[in-house]
Amino acid sequence: MSLRRRISPRNSLAFRLTLWYAGIFTVSSFIAFLLFYTLITSLIIERTDQDLLGQVSRFSILLASEGVEAVKDSAVIEAEAAGVKEVFFRFLSVNGQVFSSSNMSYWKDIDIDETAIKALLRENNPVFQTIAIAGRSEKVRILYAVLRPSIILQVGVAMESYSRFLDAFQKIFVTTMTFLIILAAGVGWFMARRAVSEVEVITRTAQKISGGSLDERVPVKGRGDEIDQLANTFNQMLDRIQALLTEIKEMSDNMAHDLRSPITRIRGVAEVTLTSGKALSEYEGMAASTIEECDRLLDMINTMLMISKTGSGVDKLCIKDVDLTGIVRQACELFEPTAEDKEVNVSCDVPDRTHLTGDTSMIQRMLSNLLDNAIKYTPSGGTVNITVIESNAQVVVAFKDTGVGISQADLPRIFERFYRCDQSRSQAGIGLGLSLARAIARAHGGDITVISTPNQGSIFTATLPKSLSSQTQL
Ligand code: ADP
């Protein structure tokens with residue numbers, strides 16, 4: 001089933017991105033139009049007001065020089081000249097009575113506003129009004145001004161250019177906005193599809209992987225953008241999952257193999273004793289060997305549990321002040337008989353005391369594993385040297401042996417669970433010692449590294465921080 005069929009278009013990211021894009025684009029265009037509209041209308045009104053004020057000052061001058069009659073005549077002539085539908089003049093007394101006017105046949109619906117006259121007389125400033133006349137499209141701009149203390153002029157002008165602008169603006173607005181919304185939706189859809197198509201490639205790869213093909217990888221375009229970053233992270237995650245799955249598979253194979261041998265031995269001993277055993281001592285021998293094999297199995301299972309708990313941090317460490325030198329000396333004493341039996345010389349080069357915070361029993365276990373290996377994989381006559389070096393922040397314990405060494409091919413794998421190098425299979429062991437040692441070191445915020453040359457020897461170095469931060473405990 002294809003992606004597009006599975007996700008309904010209305011729920012798709014591309015659809016929502018397009019909606020957002022078109023929405024934002026439309027709102028911004030609308031705001032731009034609104035600003036433009038406000039600016040133009042205020043400019044038109046300002047121009048009209050200036051014309052009206054100019055008319056008032058012309059009448060004031062005429063009144064002062066030639067008297068009221070001249071002004072009245074001039075008003076009639078000017079109204080005729082401009083067009084009786086364009087402009088009108090009314091001369092009022094202070095109580096609002098009309099005593100003269102131009103031709104008012106077209107303007108008879110316009111009343112005298114007493115509030116405006118009161119405001120004019122109170123503040124002595126011209127009063128402007130914009131009024132709409134019922135049944136007419138254009139508005140009228142009206143000015144009340146004092147020509148002389150006893151004469152008020154009411155002048156009105158049809159706001160034709162304003163109405164024309166409004167008409168034109170409405171048409172342009174509707175056409176342009178329709179075009180812009182369609183354009184924004186088209187561009188938004190195109191851009192969203194482009195962005196989302198690359199995410200779809202990743203989703204398709206994920207689907208193929210969930211169908212079982214873990215070898216698939218998302219193509220990286222090499223542009224270094226967010227999609228490339230996502231693809232890279234996704235591929236890295238797949239690499240990691242693949243490596244983990246391989247590790248788990250090998251681990252289960254090894255585990256099955258390691259479990260099979262002791263169980264087969266237990267079964268074999270029990271079968272032989274049952275079929276041919278007569279004496280009590282034979283049954284006692286069977287019980288003893290069963291206990292021995294069970295102990296080995298239990299040891300293996302416990303070690304595995306400890307690795308996984310230490311590794312995942314579930315098992316909280318019991319943090320105390322630890323003297324590492326003391327632990328190293330104890331381990332040397334513990335392994336002295338084994339070393340003597342094998343004729344391996346173990347030497348210690350350690351300071352008097354080495355303090356750090358950590359889990360004593362875990363660190364004991366880690367160092368014992370490393371020392372056990374060093375003695376185990378060193379032939380007779382060889383040497384094992386342990387050094388402890390303390391610095392400000394960390395303690396380094398190195399186990400240097402002159403043993404069989406590890407090949408370059410095996411080196412990266414020896415810390416894996418159940419991994420054993422071929423040449424070591426003759427030795428006792430289950431391949432969990434180094435895994436546990438490294439898990440313990442890491443749980444303490446440190447690590448274990450190794451340098452080795454086949455047939456010459458190995459150096460295992462455990463580095464532990466002196467103080468364990470709370471973060472590394474879990
Ligand atoms: P085990 O010792 O039980 O086999 P480990 O996990 O302790 O398991 O070690 C894994 C493998 O690493 C060993 O089987 C061995 O091949 C190799 N190895 C570990 N320590 C040494 C060493 N000091 N010298 C040589 N090989 C070593």
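These legends go with close-up views of one predicted model. Residues are numbered from 1 along each chain as its sequence is written. In this predicted model, local features need pLDDT of at least 70, side-chain atom pairs count only at pLDDT 80 or more, and totals for chains, interfaces and linings use all residues, while side-chain values use heavy atoms, with hydrogens and water left out.

**View 1. The chain is divided into three parts: domain 1 (13–165), domain 2 (226–310) and domain 3 (316–473).** These bounds come from an automatic or database domain assignment. Taken over C-alpha atoms, the centres of domain 1 and domain 3 are 98 Å apart. Ala 64 belongs to helix α2. Its relative accessible area is 69%, so Ala 64 is exposed. Buried means under 20% relative accessible area, exposed means over 50%, and partly exposed lies in between (1.4 Å probe, protein chains only).

**View 2. A nonpolar patch lies on the surface.** Its members are Val 27, Phe 30, Ile 31, Leu 34 and Leu 35. Together they have about 480 Å² of accessible area. Accessible areas come from the Shrake-Rupley method with a 1.4 Å probe; for residues, only the protein chains shown count as cover. Patches are made of residues with over 30% relative accessible area and no salt bridge; like charges are joined within 9 Å, and nonpolar side chains (Val, Leu, Ile, Met, Phe, Trp, Tyr) within 5 Å. Phe 30 sits in helix α2 (residues 13–66). Helices (H or I, at least four residues) and strands (E, at least two) are DSSP runs, numbered from the N terminus. Phe 30 counts as partly exposed because its relative accessibility is 40%. An α-helix has 3.6 residues a turn, so residues three or four places apart point the same way.

**View 3. Thr 26 and Ile 44 are two residues of helix α2.** Thr 26 is buried because its relative accessible area is 19%. Thr 26 is in contact (heavy atoms within 4.5 Å) with Met 177 and Ile 181, leaving aside neighbours within four places in sequence. Ile 44 is buried because its relative accessible area is 15%. With the neighbours within four places again set aside, Ile 44 is in contact with Ser 161, Tyr 162 and Phe 165. The C-alpha atoms of Ile 44 and Met 159 are separated by 8.8 Å. Along the chain, Ile 44 and Met 159 are 115 residues apart.

**View 4. Helix α5 covers residues 160–210.** Its 51 residues, at 1.5 Å a residue, should span 75 Å. The expected span is 1.5 Å times one less than the number of residues in the helix. The end C-alpha atoms of α5 are 72 Å apart, which agrees. Gly 212 follows α5 and has a positive phi, near 115°.

**View 5. Glu 198, Arg 223 and Asp 225 are linked in a network of salt bridges.** A salt bridge is a side-chain nitrogen of Lys or Arg within 4 Å of a carboxyl oxygen of Asp or Glu. The structure holds 17 salt bridges. Between Arg 223 and Glu 198, the closest N and O atoms are 2.8 Å apart. This pair links distant parts of the chain: Arg 223 is in the loop between α5 and α6 (226–276), Glu 198 is in helix α5, and they are 25 residues apart. Glu 198 is buried because its relative accessible area is 14%. Arg 223 is partly exposed because its value is 46%.

**View 6. Glu 390 and Lys 466 form a salt bridge.** Their closest N and O atoms are 2.6 Å apart. The pair links distant parts of the chain, 76 residues apart: Glu 390 in strand β9 (residues 383–390), Lys 466 in the loop between β12 and α11 (470–473). Glu 390 is partly exposed because its relative accessible area is 34%.

**View 7. Asn 124 and Asn 455 each have a positive phi.** Most residues other than glycine have a negative phi. Phi is near 55° for Asn 124 and near 65° for Asn 455. Asn 124 is in the loop between α4 (114–123) and β3 (127–132). Asn 455 is in the loop between β11 (447–453) and β12 (457–465). Asn 124 counts as exposed because its relative accessibility is 58%. Asn 455 is exposed because its relative accessible area is 69%.
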